[in-house]
Amino acid sequence: MEICLRENAIEIFDLDPFLAELLRQIPASADPTGGDAANADPEGVRRAQERLFSVPAPRSDREICKEWKVYVEPELRRLFRSATETVAEDLKQLNEPQKPLANHTLRIPLAHSDSWLNALNQARLALHARYNFTDSELCDHERSPVASRRDLSLFQMNFYGFIQEFILRGLSEEK
Amino acid sequence: MVQQMRGDAGTETIEHPGTTQETHTEESLDSPWLVVVHNDPVNLMTYVTMVFQRVFGYPREKAEGHMLEVHQKGRSVLWSGMRERAELYVQQLHGYLLLATLERAD
(Lines give C-alpha, C1' and ligand atoms only; values in the text may rest on other atoms or scores of the structure.)
Protein backbone atom coordinates (compact mmCIF):
# COMPACT_ATOMS: atom_id res chain seq x y z
CA MET A 1 0.00 0.00 0.00
CA GLU A 2 1.19 3.50 -0.80
CA ILE A 3 -0.33 6.75 0.30
CA CYS A 4 0.33 10.24 -1.01
CA LEU A 5 -1.09 13.73 -1.23
CA ARG A 6 -1.92 14.74 -4.80
CA GLU A 7 -4.13 17.46 -6.28
CA ASN A 8 -6.20 18.28 -3.19
CA ALA A 9 -6.73 14.64 -2.37
CA ILE A 10 -5.16 11.83 -0.44
CA GLU A 11 -4.58 8.86 -2.69
CA ILE A 12 -4.16 5.39 -1.32
CA PHE A 13 -3.05 3.01 -4.02
CA ASP A 14 -1.85 -0.58 -4.19
CA LEU A 15 -4.41 -1.21 -1.47
CA ASP A 16 -4.63 -4.98 -1.06
CA PRO A 17 -8.04 -6.65 -0.63
CA PHE A 18 -7.50 -7.20 3.10
CA LEU A 19 -6.82 -3.52 3.86
CA ALA A 20 -9.56 -2.47 1.43
CA GLU A 21 -11.98 -4.62 3.42
CA LEU A 22 -10.86 -2.98 6.68
CA LEU A 23 -11.59 0.42 5.14
CA ARG A 24 -15.01 -0.78 3.95
CA GLN A 25 -15.75 -1.64 7.57
CA ILE A 26 -15.28 1.94 8.84
CA PRO A 27 -19.03 2.82 8.88
CA ALA A 28 -19.99 -0.46 10.57
CA SER A 29 -17.14 -0.19 13.07
CA ALA A 30 -18.27 3.34 13.98
CA ASP A 31 -21.65 1.92 14.98
CA PRO A 32 -21.68 0.99 18.70
CA THR A 33 -23.06 -2.44 17.74
CA GLY A 34 -20.26 -2.99 15.24
CA GLY A 35 -22.89 -3.22 12.50
CA ASP A 36 -24.27 -6.50 13.83
CA ALA A 37 -26.83 -5.65 16.47
CA ALA A 38 -28.16 -9.23 16.67
CA ASN A 39 -24.83 -10.72 17.71
CA ALA A 40 -23.25 -7.79 19.54
CA ASP A 41 -22.11 -8.10 23.14
CA PRO A 42 -24.55 -5.84 25.06
CA GLU A 43 -21.88 -4.76 27.54
CA GLY A 44 -19.51 -3.79 24.72
CA VAL A 45 -22.28 -1.89 22.96
CA ARG A 46 -23.07 0.00 26.17
CA ARG A 47 -19.40 0.95 26.62
CA ALA A 48 -19.19 2.15 23.00
CA GLN A 49 -22.40 4.21 23.37
CA GLU A 50 -21.08 5.78 26.56
CA ARG A 51 -17.78 6.67 24.94
CA LEU A 52 -19.22 8.14 21.73
CA PHE A 53 -21.81 10.09 23.71
CA SER A 54 -19.87 10.84 26.86
CA VAL A 55 -21.27 12.91 29.73
CA PRO A 56 -20.70 16.70 29.47
CA ALA A 57 -20.28 17.26 33.23
CA PRO A 58 -19.61 15.31 36.41
CA ARG A 59 -22.50 12.82 36.82
CA SER A 60 -23.53 14.60 40.01
CA ASP A 61 -24.54 17.55 37.84
CA ARG A 62 -27.75 15.86 36.76
CA GLU A 63 -29.43 18.92 35.31
CA ILE A 64 -26.66 19.55 32.77
CA CYS A 65 -26.47 15.86 31.83
CA LYS A 66 -30.27 15.65 31.40
CA GLU A 67 -30.46 18.76 29.20
CA TRP A 68 -27.53 17.51 27.15
CA LYS A 69 -29.34 14.26 26.36
CA VAL A 70 -32.36 16.17 25.12
CA TYR A 71 -30.80 19.07 23.21
CA VAL A 72 -27.20 18.25 22.29
CA GLU A 73 -27.00 14.50 21.80
CA PRO A 74 -29.37 14.47 18.80
CA GLU A 75 -27.14 17.08 17.12
CA LEU A 76 -24.05 14.98 17.78
CA ARG A 77 -25.79 11.91 16.35
CA ARG A 78 -26.59 13.86 13.18
CA LEU A 79 -22.99 15.10 12.92
CA PHE A 80 -21.54 11.61 13.37
CA ARG A 81 -24.00 10.05 10.92
CA SER A 82 -23.23 12.71 8.32
CA ALA A 83 -19.50 11.95 8.63
CA THR A 84 -19.94 8.19 8.20
CA GLU A 85 -22.27 8.75 5.22
CA THR A 86 -19.63 10.86 3.45
CA VAL A 87 -17.01 8.19 4.12
CA ALA A 88 -19.37 5.42 2.93
CA GLU A 89 -19.90 7.37 -0.31
CA ASP A 90 -16.11 7.68 -0.88
CA LEU A 91 -15.67 4.00 -0.10
CA LYS A 92 -17.92 3.06 -3.03
CA GLN A 93 -14.75 3.47 -5.15
CA LEU A 94 -13.61 0.18 -3.64
CA ASN A 95 -16.65 -1.61 -5.06
CA GLU A 96 -15.82 -0.88 -8.68
CA PRO A 97 -15.57 -4.12 -10.63
CA GLN A 98 -12.07 -5.40 -11.18
CA LYS A 99 -10.16 -8.65 -11.26
CA PRO A 100 -10.51 -10.80 -8.14
CA LEU A 101 -7.81 -10.10 -5.53
CA ALA A 102 -6.52 -7.10 -7.50
CA ASN A 103 -5.29 -4.12 -5.51
CA HIS A 104 -7.47 -1.02 -5.21
CA THR A 105 -7.01 2.74 -5.33
CA LEU A 106 -8.93 5.08 -3.06
CA ARG A 107 -9.05 8.85 -3.51
CA ILE A 108 -10.12 10.93 -0.49
CA PRO A 109 -10.78 14.58 -1.42
CA LEU A 110 -9.23 16.92 1.17
CA ALA A 111 -12.66 18.58 1.32
CA HIS A 112 -13.89 15.33 2.94
CA SER A 113 -10.99 15.12 5.39
CA ASP A 114 -13.01 16.32 8.40
CA SER A 115 -15.62 13.65 7.78
CA TRP A 116 -12.89 11.01 7.47
CA LEU A 117 -11.15 12.15 10.67
CA ASN A 118 -14.47 12.05 12.49
CA ALA A 119 -15.62 8.68 11.15
CA LEU A 120 -12.20 7.09 11.75
CA ASN A 121 -12.24 8.45 15.29
CA GLN A 122 -15.75 7.11 15.90
CA ALA A 123 -14.61 3.70 14.63
CA ARG A 124 -11.42 3.67 16.73
CA LEU A 125 -13.20 4.77 19.90
CA ALA A 126 -16.05 2.29 19.39
CA LEU A 127 -13.64 -0.58 18.70
CA HIS A 128 -11.60 0.31 21.78
CA ALA A 129 -14.71 0.48 23.95
CA ARG A 130 -16.27 -2.73 22.57
CA TYR A 131 -13.11 -4.80 23.06
CA ASN A 132 -11.95 -3.01 26.21
CA PHE A 133 -8.30 -3.15 25.09
CA THR A 134 -5.70 -2.91 27.83
CA ASP A 135 -2.85 -0.39 27.83
CA SER A 136 -0.34 -3.16 27.08
CA GLU A 137 -2.38 -4.30 24.07
CA LEU A 138 -2.52 -0.73 22.76
CA CYS A 139 1.27 -0.50 22.98
CA ASP A 140 1.91 -3.88 21.35
CA HIS A 141 2.43 -3.13 17.67
CA GLU A 142 3.92 -6.55 16.88
CA ARG A 143 0.73 -8.51 17.57
CA SER A 144 -0.45 -10.77 14.76
CA PRO A 145 -3.54 -9.37 13.08
CA VAL A 146 -4.98 -12.79 12.32
CA ALA A 147 -4.73 -14.73 15.57
CA SER A 148 -8.22 -13.78 16.79
CA ARG A 149 -11.09 -11.38 16.15
CA ARG A 150 -9.79 -9.30 19.05
CA ASP A 151 -6.30 -9.05 17.50
CA LEU A 152 -7.82 -8.17 14.14
CA SER A 153 -9.83 -5.39 15.76
CA LEU A 154 -6.69 -4.03 17.42
CA PHE A 155 -4.91 -4.05 14.07
CA GLN A 156 -7.94 -2.35 12.52
CA MET A 157 -7.81 0.38 15.20
CA ASN A 158 -4.11 0.99 14.59
CA PHE A 159 -4.59 1.00 10.80
CA TYR A 160 -7.33 3.61 11.11
CA GLY A 161 -4.98 5.65 13.33
CA PHE A 162 -2.34 5.52 10.61
CA ILE A 163 -4.84 6.84 8.04
CA GLN A 164 -5.87 9.58 10.47
CA GLU A 165 -2.24 10.64 10.92
CA PHE A 166 -1.78 10.86 7.18
CA ILE A 167 -4.93 12.95 6.72
CA LEU A 168 -3.74 15.30 9.48
CA ARG A 169 -0.40 15.62 7.72
CA GLY A 170 -2.23 16.34 4.46
CA LEU A 171 -4.24 19.09 6.13
CA SER A 172 -1.14 20.76 7.60
CA GLU A 173 0.68 20.58 4.26
CA GLU A 174 -2.34 22.10 2.55
CA LYS A 175 -1.91 25.23 4.72
CA MET B 1 -4.03 9.59 24.91
CA VAL B 2 -3.02 7.19 22.23
CA GLN B 3 -0.04 4.84 22.16
CA GLN B 4 1.69 7.10 19.61
CA MET B 5 1.42 9.79 22.22
CA ARG B 6 3.16 7.72 24.87
CA GLY B 7 6.12 7.11 22.63
CA ASP B 8 6.34 10.67 21.42
CA ALA B 9 5.99 12.35 24.76
CA GLY B 10 9.01 10.57 26.30
CA THR B 11 10.31 12.22 29.47
CA GLU B 12 9.74 15.75 28.30
CA THR B 13 8.66 18.22 30.98
CA ILE B 14 6.15 20.88 30.16
CA GLU B 15 5.16 24.29 31.39
CA HIS B 16 1.53 24.75 32.41
CA PRO B 17 0.00 26.09 29.23
CA GLY B 18 -2.25 28.54 31.05
CA THR B 19 -5.98 29.02 30.80
CA THR B 20 -7.74 31.68 28.83
CA GLN B 21 -10.30 33.46 31.00
CA GLU B 22 -13.00 35.89 30.03
CA THR B 23 -13.04 39.08 32.08
CA HIS B 24 -16.40 40.73 31.53
CA THR B 25 -17.84 42.61 34.52
CA GLU B 26 -21.07 40.58 34.48
CA GLU B 27 -19.18 37.35 34.96
CA SER B 28 -17.48 38.51 38.11
CA LEU B 29 -20.87 38.23 39.83
CA ASP B 30 -20.92 34.51 39.26
CA SER B 31 -18.18 31.92 39.64
CA PRO B 32 -16.75 30.95 36.27
CA TRP B 33 -17.21 27.62 34.54
CA LEU B 34 -14.30 25.55 33.36
CA VAL B 35 -13.92 23.63 30.11
CA VAL B 36 -11.90 20.55 31.06
CA VAL B 37 -10.49 17.99 28.63
CA HIS B 38 -9.69 14.54 30.01
CA ASN B 39 -7.14 11.98 28.85
CA ASP B 40 -8.23 8.99 26.82
CA PRO B 41 -6.09 6.19 25.39
CA VAL B 42 -7.30 6.46 21.79
CA ASN B 43 -7.22 10.00 20.44
CA LEU B 44 -4.02 10.86 18.59
CA MET B 45 -1.71 13.62 19.87
CA THR B 46 -1.77 15.41 16.54
CA TYR B 47 -5.56 15.18 16.34
CA VAL B 48 -6.05 16.62 19.84
CA THR B 49 -3.66 19.49 19.07
CA MET B 50 -5.55 20.27 15.85
CA VAL B 51 -8.88 20.27 17.72
CA PHE B 52 -7.59 22.71 20.36
CA GLN B 53 -6.32 25.02 17.63
CA ARG B 54 -9.64 24.90 15.78
CA VAL B 55 -12.02 25.19 18.72
CA PHE B 56 -10.18 27.77 20.80
CA GLY B 57 -8.08 29.42 18.09
CA TYR B 58 -4.94 28.72 20.10
CA PRO B 59 -1.54 28.90 18.41
CA ARG B 60 0.11 25.52 17.83
CA GLU B 61 2.53 25.80 20.78
CA LYS B 62 -0.23 26.57 23.27
CA ALA B 63 -2.47 23.84 21.87
CA GLU B 64 0.40 21.34 22.17
CA GLY B 65 1.03 22.45 25.76
CA HIS B 66 -2.58 21.69 26.70
CA MET B 67 -2.48 18.40 24.82
CA LEU B 68 0.64 17.33 26.76
CA GLU B 69 -0.94 18.42 30.02
CA VAL B 70 -3.97 16.24 29.26
CA HIS B 71 -1.68 13.33 28.46
CA GLN B 72 0.64 13.68 31.43
CA LYS B 73 -1.70 14.93 34.15
CA GLY B 74 -4.96 13.35 32.96
CA ARG B 75 -6.77 16.64 32.41
CA SER B 76 -6.30 20.23 31.35
CA VAL B 77 -8.47 23.30 31.82
CA LEU B 78 -8.75 24.81 28.36
CA TRP B 79 -10.94 27.79 29.08
CA SER B 80 -12.98 29.43 31.83
CA GLY B 81 -15.78 31.94 31.76
CA MET B 82 -19.51 32.18 31.19
CA ARG B 83 -21.57 29.00 31.27
CA GLU B 84 -23.20 29.45 27.86
CA ARG B 85 -19.90 29.79 26.05
CA ALA B 86 -18.34 27.00 28.06
CA GLU B 87 -21.25 24.74 27.04
CA LEU B 88 -20.71 25.65 23.42
CA TYR B 89 -17.01 24.75 23.67
CA VAL B 90 -17.81 21.42 25.33
CA GLN B 91 -20.34 20.67 22.60
CA GLN B 92 -17.73 21.41 19.92
CA LEU B 93 -15.18 19.20 21.68
CA HIS B 94 -17.69 16.35 21.87
CA GLY B 95 -18.29 16.84 18.15
CA TYR B 96 -14.61 15.98 17.72
CA LEU B 97 -15.10 13.06 20.13
CA LEU B 98 -12.81 14.36 22.86
CA LEU B 99 -13.66 13.65 26.50
CA ALA B 100 -14.61 17.11 27.70
CA THR B 101 -16.65 18.34 30.66
CA LEU B 102 -18.10 21.54 31.97
CA GLU B 103 -17.25 22.14 35.64
CA ARG B 104 -17.89 24.87 38.18
CA ALA B 105 -14.68 26.68 39.14
CA ASP B 106 -15.39 26.42 42.86
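**Terms and values in a two-chain model**

Visitor: What share of the 106 residues in chain B is buried, and what makes a residue buried?
Guide: Buried residues make up 43% of the 106 residues in chain B. A residue is buried if 20 or more other C-beta atoms lie within 10 Å of its own, exposed if 12 or fewer, and partly exposed in between, with C-beta atoms placed from the backbone. The model is predicted: local features need pLDDT of at least 70, side-chain atom pairs count only at pLDDT 80 or more, and totals for chains, interfaces and linings use all residues. Residues are numbered from 1 along each chain as its sequence is written, while chains are lettered from A and ligands numbered from 1 in the order in which they are written.

Visitor: Why is B:Leu98 called buried?
Guide: B:Leu98 has 23 other C-beta atoms within 10 Å, and is therefore buried. B:Leu98 lies in the loop between H4 and S4 of chain B; helices (H or I, at least four residues) and strands (E, at least two) are DSSP runs, numbered from the N terminus.

Visitor: Which residues does B:Leu98 touch, not counting residues up to four places away in sequence?
Guide: B:Leu98 touches B:Val37, B:Asn43, B:Val48, B:Val51 and B:Leu93. Contact requires that the C-beta atoms of two residues, placed from the backbone, lie within 7 Å. From C-alpha to C-alpha, B:Leu98 and B:Val51 are 8.8 Å apart in space, and they are 47 residues apart in sequence.

Visitor: Which helices and strands does chain B have, and in what pattern?
Guide: Chain B has 4 helices and 4 strands, in the pattern α-β-β-α-α-β-α-β when read along the sequence. Strand S3 (residues 75–81) of chain B is mostly covered, with 5 of its 7 residues buried.

Visitor: How do you know that strand S2 (residues 33–38) of chain B pairs with S3(B)?
Guide: Two strands pair if DSSP finds at least two bridges between them.

Visitor: What makes S1 (2–5) and S3 (104–109) of chain A edge strands?
Guide: Chain A has an open sheet of 3 strands in the order S1-S2-S3, with antiparallel pairing. S1 and S3 of chain A each have a single partner strand, so one side of each is left without a neighbour in the sheet. The twist averages 15° from one strand to the next. S1(A) is joined to strand S2 (residues 9–15) of chain A by 4 bridges, and A:Glu2 stands opposite A:Phe13.

Visitor: Why is H7(A) called oblique to H2(B)?
Guide: The axes of helix H7 (residues 149–174) of chain A and helix H2 (residues 45–56) of chain B come within 9 Å and cross at roughly 45°. That angle makes H7(A) oblique to H2(B): angles under 35 degrees count as roughly parallel, over 145 as roughly antiparallel, 65 to 115 as roughly perpendicular and the rest as oblique. Axes are lines fitted to C-alpha atoms, for helices over the stretch in contact, and angles run from 0 to 180 degrees between N-to-C directions.

Visitor: Which residues of H7(A) and H2(B) meet?
Guide: A:Gln164, A:Glu165 and A:Leu168 in H7(A) meet B:Thr46, B:Tyr47 and B:Met50 in H2(B).

Visitor: How many residues of the two chains are in contact?
Guide: 19 residues of chain B are in contact with 22 residues of chain A.
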